[in-house]
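Let me put the model up on the screen, and then I'll walk you through a few parts of it.

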Amino acid sequence: MIYQEVHRLKNMGFSNSKIARKLQISRNRVIDYLSMTPDEFADFIASLQNRTKKLDPYQSDILMWLRAHPDVTSAQIYDWLQDKFDIQSVSENTVRNYVNHLREHYHIPKVTLGRIYGAVDELPPGQQIQVDFGEIIVNTSSGGRQKLYVAGFILSHSRFKYVEWLDRPFRTSDLIRIQENAFHYFGGMTAEIVYDQNRLLAVSENAGDLILTESFTKYHKFRRFKVELCRKSDPESKGKIEQVIKYVKNNFAKHRIYDNLNTWQQDALKWLKRTGNYKVHHNIKKRPFEVHALEKQHLQTVSGNYHFENISSTNITRTIHKDNVIRFEGNRYSVPLGTFQSDKENIAYISVADGKLSISLHPAGAPLPHIQCLKTKGR
């Protein structure tokens, strides 16, 4: 019996996390079982078997989800029940106990995945927004697969979040537009913004000075916030970014069926209201939307509208692959042999003007010669 195994492993000196991984159950379940005496556990099992449970009408749906997605968490099932059946009278703890009971009774072990932790400094209200990017491949309603890209924003003090999705890689203009949407969602902006990816913003770094892309420089001068970038070679700085994207992908996007971008984005906003900004945050022990109501008073007013026609098309960046090929909007373009260099960043800058595409190695550099389209979208 799992209850006895949990206590046996604990007596052997195993941590709660190691017990969870070894027995393929959640860490919360380990904690619950360790807090029960044998008599309390027996009463708990009897109560599960004898009483009518609030979730019994949804048992077939929950079993279907568990069998289809063995790695699904009880937190995600709780969110799905709220989303699909508008269940409000059942606590998350009740759902967790019910899911654990079904897993054990129907022999559906949980597939556990490793978790990455990032330390986050506690900051005063109104000081900082953190930005992260991610991507995920999901199943579509037509039976295919779709790659989606997400940008996540979080107020560091209140943990109040905003996310926006695209069905193609982000450009600098996308980041600026989405960031303006985030300011509107938050009700203001902070003094500084920390980004977890710099290709959309920075051309290079010269003796410690950040050289921003032309488009982002114009935007930065207009809004006047402090920019901080987390670089791949700086794990301590990168550790400041909270795992917002991981939370969004695992709790909202994972196992969700994609139909179209507009519906997906609207569902994401509903998820933020229902779960992402509503559930008690494990660090601050408060609901983000409640703390945000106080932090909002410390945010800077966002005045005026930014004119997006000022954005230059030369800030579209793509990676140069080892075979000297660049991918852009469904097409593959070959660049001269030797363009890819193993010791360089291998970023190309794409400009589209009057229907013609050019590729250069610097934002204002000369276009590369002998560019050839190898594959056309849709062929």
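So, 44% of the 379 residues of the protein count as buried, where buried means under 20% relative accessible area with a 1.4 Å probe, protein chains only. Before I go on: this is a predicted model, where local features need pLDDT of at least 70, side-chain atom pairs count only at pLDDT 80 or more, and totals for chains, interfaces and linings use all residues. Residues are numbered from 1 along each chain as its sequence is written, and side-chain values use heavy atoms, with hydrogens and water left out.

The protein has 13 helices and 13 strands; those are DSSP runs, H or I of at least four residues for helices and E of at least two for strands, numbered from the N terminus. Take contacts, meaning heavy atoms within 4.5 Å: among those between residues at least 6 apart in sequence, 64% join residues at least 24 apart.

Now, the core. The largest nonpolar core has 31 residues, and by that I mean a set of buried Ala, Val, Leu, Ile, Met, Phe, Trp, Tyr and Cys residues joined through side-chain atoms within 4.5 Å. Which element gives the most to this core? That's α8, with 6 residues. F153, F186, Y195, L201 and F216 have the most contacts inside the core. Take F216: leaving aside neighbours within four places in sequence, F216 touches, among others, T172, L175, Y195, L201 and V227.

Next, helix α11, residues 244-253. Its buried residues are V244, I245, V248, N251, F252 and A253. Looking down the axis of α11, these buried residues fall within an arc of 155°, so they line one face of the helix; the arc is that of the directions from the helix axis to the C-beta atoms. Their cover includes α6, β1, β2, β3 and α12.

Strands count as paired if DSSP finds at least two bridges between them. β9 and β10 pair in the antiparallel sense over 4 bridges, and F328 has N331 in β10 as its bridge partner. There are 2 residues between these strands, and E329 in the turn has a positive phi of about 50°. Then β11 and β12 pair in the antiparallel sense over 5 bridges, with I350 bridged to I359 of β12. That hairpin has 2 residues between its strands, and D354 in the turn has a positive phi of about 55°.

Conventions. Buried means under 20% relative accessible area, exposed over 50%, partly exposed in between (1.4 Å probe, protein chains only).
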